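Subject: Structure handover

Dear colleague,

I am passing on to you the structure we spoke about, together with an account of what was found in it. Please have the sequence and the model open side by side as you read.

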Amino acid sequence: MNAAEGLDLLDRAPLAARPLFALLSRLACGVLVLRTPDGMRRRFAGALDGPHAELEVRDWAAIPRILRGAEIGLFEAWRDGRVATPDMTSLLRLAIRNQIKVSLRAFELAVLIRLARRPVGERVELLQRRH
């Protein structure tokens, strides 16, 4: 199943869960199989090889906690029994590998913004020094 499949999951999910599904549909690498409290199952896959993990969401209230707290929010939801996984190590590896991709894009964007704020002459000089 690819990111375009499983639209019924999006339609049936609470509004608070939809940002997580949007985020998961942009996985850069690896595979996540997600099971929801209502028994739906969806597979999210990145274009590149990477860790394979499973996550069972037992309570929709876990989603906002995970979105706000990233790995810490995931751990708290797991500790409280709101989510489960047969392999927490693989799940964290998947999260970390994909977070790095997002962080690199954010870093590149920050560099471009800083560069755009400089006068044109400085921009050309900086770019020439890099090549």
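This is a predicted model: local features need pLDDT of at least 70, side-chain atom pairs count only at pLDDT 80 or more; totals for chains, interfaces and linings use all residues.

Thr 36 sits in the loop that runs between β1 and β2, and its side chain makes a polar contact, at 2.3 Å, with the side chain of Asp 38.

The two strands on either side of that loop form a hairpin with five residues between them, and in the turn Gly 39 has a positive phi of about 90°. Strand β1 covers residues 29–35 and runs antiparallel to β2, the two being joined by five bridges. Within this pairing, Leu 32 stands opposite Phe 44 of β2.

In soluble globular proteins, nonpolar side chains tend to be buried together. In this model the largest nonpolar core has 22 residues, and the members that touch the most others are Leu 32, Leu 55 and Val 83. At least two residues of this core are supplied by each of α2 (18–24), β1, β3 (48–57), α3 (62–79) and α4 (88–117), and the largest share, five residues, comes from α3. Leu 32 shows how wide the set of partners can be: when its neighbours within four places in sequence are left aside, its contacts include Leu 24, Leu 27, Phe 44, Ala 53, Leu 55, Leu 91 and Leu 94, and among them are also Arg 42, Arg 43 and Glu 54.

The charged side chains come next, and the structure holds six salt bridges. Arg 35, Glu 54, Glu 56 and Arg 58 are linked in a network of such bridges. One of the pairs is Glu 56 with Arg 58, whose closest N and O atoms are 3.7 Å apart; Glu 56 counts as partly exposed at 23% relative accessibility, and Arg 58 counts as partly exposed at 46%.

Another salt bridge is formed by the side chains of Asp 59 and Arg 82, at 2.8 Å from N to O. This pair links distant parts of the chain, 23 residues apart, with Asp 59 in the loop between β3 and α3 and Arg 82 in the loop between α3 and β4 (83–84). Asp 59 is partly exposed at 30% relative accessibility, and Arg 82 is partly exposed at 28%.

The side chains of Asp 80 and Arg 65 also meet in a salt bridge, at 2.5 Å from N to O. Asp 80 lies in the loop between α3 and β4 while Arg 65 belongs to helix α3, and so the pair ties together parts that are 15 residues apart in sequence. Asp 80 is partly exposed, with a relative accessible area of 38%, and Arg 65 is partly exposed as well, with a relative accessible area of 25%.

With best regards

Conventions. Residues are numbered from 1 along each chain as its sequence is written. Side-chain values use heavy atoms; hydrogens and water are left out. Two strands pair if DSSP finds at least two bridges between them. Helices (H or I, at least four residues) and strands (E, at least two) are DSSP runs, numbered from the N terminus. A nonpolar core is a set of buried Ala, Val, Leu, Ile, Met, Phe, Trp, Tyr and Cys residues joined through side-chain atoms within 4.5 Å. Buried means under 20% relative accessible area, exposed over 50%, partly exposed in between (1.4 Å probe, protein chains only). Contact means heavy atoms within 4.5 Å. A polar contact is a pair of N or O atoms within 3.5 Å; within protein, one must be able to donate a hydrogen and the other to accept it, and residues adjacent in sequence count only if both atoms are side-chain atoms. A salt bridge is a side-chain nitrogen of Lys or Arg within 4 Å of a carboxyl oxygen of Asp or Glu.
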